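Dear colleague,

Please find below the structure that I promised to hand over. My notes on its sheets, its aromatic rings and its confidence scores follow.

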Amino acid sequence: MAEIRNYTLNFGPQHPAAHGVLRLVLELDGEVVERADPHVGLLHRGTEKLAEHKTYMQALPYMDRLDYVSILSNEHAFCRAVEALRGIEVPERAQYIRVMMDEATRILNHLLWLGAHAMDIGAMTIFLYTFRDREYLMDAYEALSGARLHANYYRPGGVNRDLPDSMPKYRPSKWHSEKDVKAMNAWREGSFLDFIEAFADYFPDRIDEFETLLTDNRIWKQRTVGVGVVSPERALQLGFTGPMLRGSGIEWDLRRKQPYAVYDRMDFRIPIGASGDSYDRYLVRIEEMRESVKIMKQCIRWLRDNPGPVRSDDYKVAPPPRAEMKGSMEALIHHFKLFTEGFHIPPGETYQAVEHPKGEFGIYMVSDGANKPYRMKIRAAGFPHLAAMNEMAKGHMLADVVTILGSQDIVFGEIDR
């Protein structure tokens, strides 16, 4: 008679569904998972330690490289920590720009999550749809900051520069005729706000398309309903935040419960799930994209009617305008000191968090009065979710591990830091 024994299997780190460099050691009884042991740290780059050796301005771009799908949300938490420690006032217009771009970032994140999660489970088409729509927001990032991915756009005290008055345009080439280019530039004839507004009008119908493909799809429901169930009580005990917690039916959202920037002026709903399974987490994220579009439209309306400064007027923390620098010795000295030495922050400590697309992303920062942080600790949104992998996967089939991992929305930049 054949001997029955448990298999130990390496899932990743070179597995396409491992979402980066996760090594998941699975103990299997046939095809049923007995134990799942996530091994992390393969993408550890010492971000927290590096920040201790850089000025506050120089540490900011490291935030882009944490969760490299939700770039501006990471920057927002860092800027809030610096602003809280030094007592920097952020102009109102800059706060509206931050909220608008935070929501654009949420859509970018959820689109990548939806495409990758669905493809892991076996739905190919949706991946092509989501990446088509991410391209518009990538173009917006590029027009705003000059980079499609690592934007480095927020600054302690505001944002780097105001919204552009025009968008880059396509030009005719041997690949694209005049007629093609005219259609491609349809959204690009006006300002940045016109472009973002065109996207906000276009996108809700695309979300309907995603739902047509998946929400009532028999195979999708068979793969996600009842898989990776977490009760509301257990979700709280495990330290879940964001869509993972709301998917279990707990209405907790920092934008509503501990408002920052101008979220207290925004009209939006907080979607919550009922049964805490992978399907509910999918529905919560889909609804979040709809709410993000609503918030973006409110910001666009306000930004159209209210021009103004987008950076603090304290030249100790924000560089003076170039024109002023050319004529004022004091402005030149401020500029030189800011980019060589940086600014000093009084001794103290703070924890500032934002409602990141994956959950609560927080920065705990300690200052000893120098021009660089004495200590910086990052509270990665996805870390507690991955820590619950064993509990969520136990008793499920091997194929369901992929579903559970996908529904957690894991990115290793922030988990390994």
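In this predicted model, three strands form an open sheet in the order β1-β2-β3, and their pairing is antiparallel. Strands here are DSSP runs of E of at least two residues and helices are runs of H or I of at least four, both numbered from the N terminus; two strands count as paired if DSSP finds at least two bridges between them. The edges are taken by β1 and β3 (32–39), each with a single partner strand, so one side of each has no neighbour in the sheet. From one strand to the next, the twist averages 20 degrees. Strand β2 (residues 23–29) is joined to β1 by five bridges, and the two run antiparallel. Thr-8 has Glu-27 of β2 opposite it. Across β1, β2 and β3 lies helix α17 (residues 398–408), which runs at about 145 degrees to β2. Contact means heavy atoms within 4.5 Å; axes are lines fitted to C-alpha atoms, for helices over the stretch in contact, and angles run from 0 to 180 degrees between N-to-C directions.

Another open sheet has the strand order β6-β7-β8, again with antiparallel pairing. Its edge strands, β6 and β8 (375–379), each pair on one side only. The twist in this sheet averages 10 degrees from one strand to the next. Five bridges connect strand β7 (residues 359–367) with β8 in the antiparallel sense, and Val-366 has Arg-375 in β8 as its bridge partner. Helix α3 (residues 71–86) lies across β6, β7 and β8, at about 150 degrees to β6.

I turn next to the aromatic rings. Rings of Phe, Tyr and Trp (its six-membered ring) are paired if their centres lie within 6.5 Å; planes under 30 degrees apart are called stacked, over 60 edge-to-face, and the rest tilted. The count by this rule is 16 aromatic pairs. One of them joins Tyr-56 and Phe-343, whose ring centres are 5.7 Å apart and whose planes meet at 10 degrees, so this pair is stacked. Tyr-56 belongs to helix α2 (residues 56–64) and Phe-343 to the loop between α14 (329–340) and β6 (348–356), so the pair ties together parts that are 287 residues apart in sequence. Both Tyr-56 and Phe-343 are buried, a term for under 20% relative accessible area, with exposed meaning over 50% and partly exposed in between (1.4 Å probe, protein chains only). Tyr-153 and Tyr-154 make a tilted pair, at 6.1 Å centre to centre and 50 degrees between the planes. Tyr-153 is buried at 1% relative accessible area, and Tyr-154 is buried at 0%. Ring pairs also link Tyr-136, Trp-187, Phe-195, Phe-199, Tyr-202, Phe-203 and Phe-210 into a cluster.

Charges also sit over rings, meaning that NZ of Lys or CZ of Arg is within 6 Å of the ring centre and within 35 degrees of the ring normal. Arg-132 lies over the face of Tyr-129, 5.0 Å from the ring centre. The charged end of Arg-417 is over the ring of Phe-383, at 5.7 Å from its centre.

As to confidence, pLDDT is the predictor's score for each residue, from 0 to 100. The protein averages 89, and 98% of the residues score at least 70. Among its elements, strand β1 (residues 7–11) has the lowest mean pLDDT (83) and β6 the highest (93).

Residues are numbered from 1 along each chain as its sequence is written, and side-chain values use heavy atoms, with hydrogens and water left out. Local features need pLDDT of at least 70 and side-chain atom pairs count only at pLDDT 80 or more, while totals for chains, interfaces and linings use all residues.

With kind regards
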